[in-house]
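Morning, everyone. Please look at the screen.

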Amino acid sequence: MSFLQLKQQVTVPEGQLGLLYRDQQFQRILTSGVYSFWFWEGNYSLQLYDTSGALKPITDEKVLDLMAHYPSAFKDYVVEWSTTMHQVGLVYQNKVLKDLLPPARQGAYWKPNKPITFEWLDITDEFTIPPSLARLILSSKDTIVMRAANMAVQSTIIPEGHMGFLEVDGQQYSILKSGQHAWWTFNRRLVVQQMDLRLQNMEINGQEILTKDRVSLRINLSATWLIQEPMLVKTALADVHDFLYRELQLALRSVVSTQTLDELLEDKNLLNQQVLTIASSKCTEYGLNLKSVGARDIILPGDMKAILAEVVEAQKKAEANLIKRREETQATRSLHNTAKVMEGNPILLRLKELEILEKITANVQNLNVYGGLDSVMHQMVHLTDTTKTP
């Protein structure tokens with residue numbers, strides 16, 4: 001056996017560290033290079049770890065345990081960290097955020113070629129993440145930061161025209177204006193509720209209601225409304241839409257049931273105003289502002305439609321007869337007045353006769369005048385049909 005065969009060699013590549021074991025017992029850490037050992041010294045083995053490139057957290061429990069037992073062997077090759085119960089850590093490398101560290105934890109990184117720095121945040125009372133830091137965390141494309149943010153950060157965006165409410169452990173904590181908000185979620189349970197403050201519309205369709213005179217109607221109602229007092233609405237109402245729908249429904253039934261069909265059809269705007277008045281008082285009490293109410297459709301049953309059509313037809317006929325009689329009376333009165341004027345004026349009477357004669361002769365083919373113009377102007381005109389045979 002040659003001298004070289006009495007040795008065993010291990011190689012640590014560039015950018016890696018090797019944990020050397022002899023007979024499964026940890027010996028030391030090897031940097032990149034080639035190492036030789038005598039066979040009679042024991043059975044050597046090597047476990048390699050990549051330390052190049054991006055920041056490498058140490059997650060191997062076996063390595064963490066060795067660090068605790070052999071701190072002097074690891075101190076030049078790792079960077080250790082620990083956080084308190086109410087502390088969050090930010091890890092930077094070359095001023096670039098690389099990791100988020102949760103409270104009450106400890107861990108380590110393989111020491112990289114580029115130095116790393118830590119920033120410690122106390123979240124005992126203030127757990128809101130400043131907007132600049134929130135944008136930095138939420139926009140990061142680093143895999144480690146993205147994974148840590150999913151467990152460490154809760155964020156929400158409140159749109160324009162909305163308001164948000166933050167509850168912490170079941171208690172109201174703050175009111176949120178429009179924009180992006182983010183918080184550390186450690187040691188707390190956060191719930192965000194959004195509320196739309198813009199003008200909204202509600203439809204109440206297919207309401208079957210009996211009028212005062214026992215006619216069944218189906219009414220479709222529309223309403224516009226908005227939230228006037230957001231905090232009162234949040235604390236007093238479990239479901240805003242359900243509350244508003246019920247109040248409008250009850251108000252509509254209350255108004256329709258106290259009026260006859262004729263009263264409802266005579267002035268639909270009066271129905272709208274009455275429903276608005278009744279429902280508004282209740283809505284205002286709970287922080288809602290009911291802007292307008294309008295009955296879009298009042299639908300009659302089929303048989304009632306036919307009856308109503310007959311009534312309308314009879315009314316229109318009666319109105320037509322009344323107008324006709326008025327016109328006849330007016331014509332008779334005018335004729336009577338004309339006769340009285342002509343009674344004392346023979347010349348006017350003669351002119352009226354000639355006017356009528358003109359209309360008659362317009363349809364005559366041949367006209368023979370006897371006696372000259374004087375007889376036409378002063379004597380009675382006689383019309384004879386010369387076409388008839390004796």
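A quick definition before we start: buried means under 20% relative accessible area, exposed means over 50%, and partly exposed is in between. Keep in mind that this is a predicted model.

Let's take the rings. How many aromatic pairs does a search of the whole structure find? Nine.

Here is one of them. Phe-127 and Tyr-173 have ring centres 5.1 Å apart. Their planes meet at 45 degrees, so the pair is tilted. This pair links distant parts of the chain, 46 residues apart. Phe-127 sits in the loop between β11 (116-122) and α3 (131-138). Tyr-173 belongs to strand β14, residues 171-176.

Tyr-173 has a relative accessible area of 40%, so Tyr-173 is partly exposed.

Next pair: Trp-184 and Phe-186. The centre-to-centre distance is 6.4 Å. The angle between the planes is 15 degrees, and the pair is stacked. Both Trp-184 and Phe-186 are buried.

There is also a cluster. Ring pairs link Tyr-21, Phe-26, Tyr-70 and Phe-74.

Now the surface. Which residues gather in a patch of negative charge there? Asp-213, Asp-262, Glu-263, Glu-266 and Asp-267.

Take Glu-263 from that patch. Glu-263 lies in helix α7, residues 261-266. Its relative accessibility is 38%, so Glu-263 counts as partly exposed.

To recap: a tilted pair at Phe-127 and Tyr-173, a stacked pair at Trp-184 and Phe-186, and a negative patch on the surface.

Notes:
Residues are numbered from 1 along each chain as its sequence is written. This is a predicted model: local features need pLDDT of at least 70, side-chain atom pairs count only at pLDDT 80 or more; totals for chains, interfaces and linings use all residues. Side-chain values use heavy atoms; hydrogens and water are left out. Patches are made of residues with over 30% relative accessible area and no salt bridge: like charges are joined within 9 Å, nonpolar side chains (Val, Leu, Ile, Met, Phe, Trp, Tyr) within 5 Å. Accessible areas come from the Shrake-Rupley method with a 1.4 Å probe; for residues, only the protein chains shown count as cover. A salt bridge is a side-chain nitrogen of Lys or Arg within 4 Å of a carboxyl oxygen of Asp or Glu. Lys and Arg count as positive and Asp and Glu as negative; His and the chain ends are not counted. The place of a charge is taken as NZ of Lys, CZ of Arg, CG of Asp or CD of Glu. Helices (H or I, at least four residues) and strands (E, at least two) are DSSP runs, numbered from the N terminus. Buried means under 20% relative accessible area, exposed over 50%, partly exposed in between (1.4 Å probe, protein chains only). Rings of Phe, Tyr and Trp (its six-membered ring) pair if their centres lie within 6.5 Å; planes under 30 degrees apart count as stacked, over 60 as edge-to-face and the rest as tilted.
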